[in-house]
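Please keep the model open while reading.

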Amino acid sequence: QVQLVESGGGLVQAGESLTLSCAASGRTVSSYTMAWFRQPPGKEREFVAAISWSDTATAYADSVKGRFTISRENAKNTVYLQMNSLKPEDTAVYYCSRVLQAFKWLGIRSPESYDSWGQGTQVTVSS
């Protein structure tokens with residue numbers, strides 16, 4: 001079983017930046033698509049970004065495209081989310097997740113495609 005631990009959240013003002021990290025332990029994640037989801041207050045969990053196992057493909061929600069960048073360092077078993085030009089609507093708990101199967105890319109925008117989740121890190125953006 002893989003354990004995922006997110007860090008890097010906090011309170012920032014609109015327009016500022018944050019970088020989230022997700023450290024995996026217990027199992028390597030190098031063969032798995034990894035993703036970030038978020039859950040705004042009172043709303044459903046939503047897809048933010050995903051990166052393929054080989055770092056050759058990425059996907060982003062339209063709401064963050066051009067502002068957020070997902071990356072990974074397989075040697076460190078770590079995934080990152082660089083968030084620039086933050087907006088108040090980016091306020092949410094951000095979760096790191098690992099896809100169900102190795103080498104899976106189809107369906108990666110759905111939370112049902114993931115079986116491992118971190119505990120989440122809070123990001124609050126003030127206006």
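## Terms and basis

Two strands are said to pair if DSSP finds at least two bridges between them, and strands themselves are DSSP runs (E, at least two residues; helices are H or I, at least four), numbered from the N terminus. This is a predicted model, in which local features need pLDDT of at least 70 and side-chain atom pairs count only at pLDDT 80 or more, while totals for chains, interfaces and linings use all residues. Residues are numbered from 1 along each chain as its sequence is written, and side-chain values use heavy atoms, with hydrogens and water left out.

## Strand 8 and its partners

Strand 8 spans residues 78–83 and pairs in the antiparallel sense with strand 3 (residues 18–25) over six bridges; within this pairing, Ser21 has Tyr80 as its bridge partner. Strand 7 (residues 68–73) also pairs with strand 8 in the antiparallel sense, over six bridges, and here Arg72 stands opposite Val79. The hairpin of strand 7 and strand 8 has four residues between the strands, and Asn77 takes a positive phi near 55 degrees in it.

Five of the six residues of strand 8 are buried, where buried means under 20% relative accessible area, exposed over 50%, and partly exposed in between (1.4 Å probe, protein chains only).

## The nonpolar core and the disulfide

A nonpolar core is a set of buried Ala, Val, Leu, Ile, Met, Phe, Trp, Tyr and Cys residues joined through side-chain atoms within 4.5 Å. The largest one has 36 residues, of which Trp36, Leu81, Met83 and Tyr94 touch the most other members. Strand 5 gives the most to this core, with five residues.

The structure holds one disulfide (a pair of cysteine sulfur atoms within 2.5 Å), which joins Cys22 to Cys96 with an S to S distance of 2.0 Å. The link is left-handed, with -75 degrees about the S-S bond, and it connects Cys22 in strand 3 with Cys96 in strand 9, 74 residues apart. Both Cys22 and Cys96 are buried.

## Aromatic rings and a charge

Rings of Phe, Tyr and Trp (its six-membered ring) pair if their centres lie within 6.5 Å, with planes under 30 degrees apart counted as stacked, over 60 as edge-to-face and the rest as tilted. The count comes to five aromatic pairs, among them the edge-to-face pair of Trp53 and Phe103, at 5.5 Å centre to centre and 85 degrees between the planes. Ring pairs also link Phe37, Phe47, Tyr114 and Trp117 into a cluster.

The charged end of Arg45 sits over the ring of Trp117, 4.6 Å from its centre, by the rule that NZ of Lys or CZ of Arg is within 6 Å of the ring centre and within 35 degrees of the ring normal.
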